[in-house]
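Here is a short report on one protein model. Have the sequence and the coordinates open beside the text.

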Amino acid sequence: MAHTFLKWMQGILSVKLVGPSPERFVNLCRSKNITIYRISCQKKKYTFCISVSEYKKLKPVVKKTKTFPKIINKQGFPFFLNHWKQKQGFLLGIFLFFGLLVFMSKLVWTIDIQGEYTHTKEELLKFLNKNEIHSFVFLKDINCLHIEEDIRKKYKDIGWVSAQLNGTKLLVRIKETNMPSLYQKKSIPVHLVSKRDGIISSIVTRTGHPLVKMGDEVKTDDILISGVVDIIGDNDLLLRKHPCIADGEIILKTEYKYENNRNFSYLEKKYTKREQQGFAIQIKEKRLEIFPPSFTRKKWKNISTLVEKKQYNQLSFDKIKKFEYENKPKKYTMEEAQNYLNIKFKRYIKKITEKGVIIQENNVKIDKIGEKLQAKGTLTVLEPVKSYRKILDSEWRDTEGNEYSRSKS
């Protein structure tokens with residue numbers, strides 16, 4: 001193996017011997033210690049292999065035998081090196097490509113945030129950016145434990161955070177605790193108010209002064225628990241009014257109106273076999289779509305578009321597929337239309353119950369009205385009140401000055 005490799009490093013020439021006395025040529029090579037090997041004879045034509053350095057010694061032998069050693073193939077490192085010397089630009093491009101690939105693999109390209117609900121993705125990305133965690137940061141500078149700690153310190157309503165690196169992507173997953181009461185986030189005095197008409201089913205006051213009791217009818221924007229508390233002195237004299245953050249648990253019995261329709265007639269998309277691929281580059285608000293010139297001349301009836309998006313911070317590369325389709329008029333059966341409305345209604349119920357709403361009575365009915373099926377009615381529900389309104393200075397401030405400001409200072 002080592003001997004073969006050594007021959008390859010020296011360079012191997014495959015030679016066809018042309019001339020009248022090949023046997024004499026071989027004998028002279030042996031007497032002059034010129035190494036030739038893999039000698040073969042087919043139809044009185046000799047071929048053999050020889051190294052580049054040995055080939056240069058053949059001149060006197062060729063002169064004596066009047067033969068000509070014709071090179072038919074070249075192998076080995078000297079020829080490989082000579083081949084790539086002629087393509088230096090290409091070789092340099094390959095090295096630069098792999099160098100750039102290695103460099104880019106050491107950077108964070110995307111930051112993906114999952115599980116956000118009240119906090120938007122943009123808000124969390126902005127916070128990470130302030131902490132110097134953004135795209136094109138070196139992977140070695142990312143400390144996932146510090147990211148988790150910083151997010152928990154900043155957002156008290158995020159109970160669980162997980163940050164991990166998947167290749168060149170930073171994945172941040174969060175779970176927000178169910179703490180919708182705004183009083184935990186408020187730092188200014190507020191009233192607890194009703195956001196819809198209804199009847200108070202139950203009320204428990206933590207802070208503030210309750211203005212309603214169980215069974216009272218209330219209107220939208222009525223104050224239920226006031227954030228202005230009277231400070232009473234001796235002989236039941238009002239000393240001053242003190243603003244606070246009103247808080248309590250109030251259940252309001254109210255009605256939700258629901259309506260949804262489904263037309264029996266609809267247009268079904270029937271796709272033809274015509275499709276076209278393209279690409280798009282978008283930087284912030286500017287977008288450029290690239291399609292073959294022939295596509296712009298095609299007159300398609302209707303076009304459906306499928307986009308595969310790859311986002312890199314404010315830069316995105318999209319792969320676009322456009323499909324031609326025709327609209328075929330069709331009609332839903334009564335059963336299909338009912339199933340559609342039932343599924344939509346179940347989703348609506350699930351959405352409101354996730355917010356703590358309890359359904360007491362369901363008066364939603366499905367009826368046929370002309371060429372459509374309609375689900376319409378009301379839901380009687382028990383809804384927790386979680387709406388707040390800022391307290392105005394005029395509601396508590398007196399002519400003697402701002403007691404709240406003095407107490408804070």
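Is Asp247 buried or exposed? Asp247 is buried, at 3% relative accessible area. Buried stands for under 20% relative accessible area, exposed for over 50%, and partly exposed for the range in between (1.4 Å probe, protein chains only).

## Basis of the model

The model is predicted: local features need pLDDT of at least 70, side-chain atom pairs count only at pLDDT 80 or more, and totals for chains, interfaces and linings use all residues. Residues are numbered from 1 along each chain as its sequence is written, and side-chain values use heavy atoms, with hydrogens and water left out.

## Overall dimensions

The protein chain has 409 residues, and 30% of them count as buried. Its radius of gyration is 42 Å, whereas a compact globule of 409 residues would have a value near 22 Å. That radius is taken over C-alpha atoms, and the globule rule is 2.2 Å times the number of residues to the power 0.38. Along the principal axes, the C-alpha atoms fill a box of roughly 140 × 65 × 40 Å.

The accessible surface of the protein chain is about 28100 Å². Carbon and sulfur atoms hold 54% of that surface. Areas come from the Shrake-Rupley method with a 1.4 Å probe; for residues, only the protein chains shown count as cover. Among contacts with a separation of 6 or more, 65% join residues 24 or more positions apart. A contact here means heavy atoms within 4.5 Å.

The protein chain contains 11 helices and 23 strands. Both are DSSP runs numbered from the N terminus: helices are H or I with at least four residues, strands are E with at least two.

Two strands pair if DSSP finds at least two bridges between them. Strand 8 (residues 190–193) and strand 23 run antiparallel over 4 bridges. Leu192 has Tyr388 in strand 23 as its bridge partner.

## A nonpolar surface patch

Which residues form the nonpolar patch on the surface? They are Phe5, Trp8, Met9, Phe77, Phe80 and Leu81, with about 550 Å² of accessible area together. Patch residues have over 30% relative accessible area and no salt bridge; like charges are joined within 9 Å, nonpolar side chains (Val, Leu, Ile, Met, Phe, Trp, Tyr) within 5 Å.

Helix 1 (2–10) and helix 5 (77–85) each supply at least two residues of the patch. Phe80 sits in helix 5. Phe80 is partly exposed, at 46% relative accessible area.

## Salt bridges

Side chains of opposite charge can pair when their charged atoms come close. The whole structure has 14 salt bridges. The criterion is a side-chain nitrogen of Lys or Arg within 4 Å of a carboxyl oxygen of Asp or Glu.

Asp112 and Lys121 form one of them, at 3.8 Å from N to O. Lys121 is partly exposed, at 29% relative accessibility. Arg206 pairs with Asp247, with the closest N and O atoms 3.1 Å apart. Arg206 lies in strand 9 (residues 198–207) and Asp247 in strand 15 (residues 247–263), so this pair ties together parts 41 residues apart in sequence. Arg206 is partly exposed at 44%, whereas Asp247 is buried.

Lys328 and Glu326 form another salt bridge, with the closest N and O atoms 3.8 Å apart. Lys328 is partly exposed at 33% relative accessibility. Glu326 is partly exposed at 26%. Elsewhere, salt bridges with shared partners join Arg206, Asp247 and Glu249 into one network.
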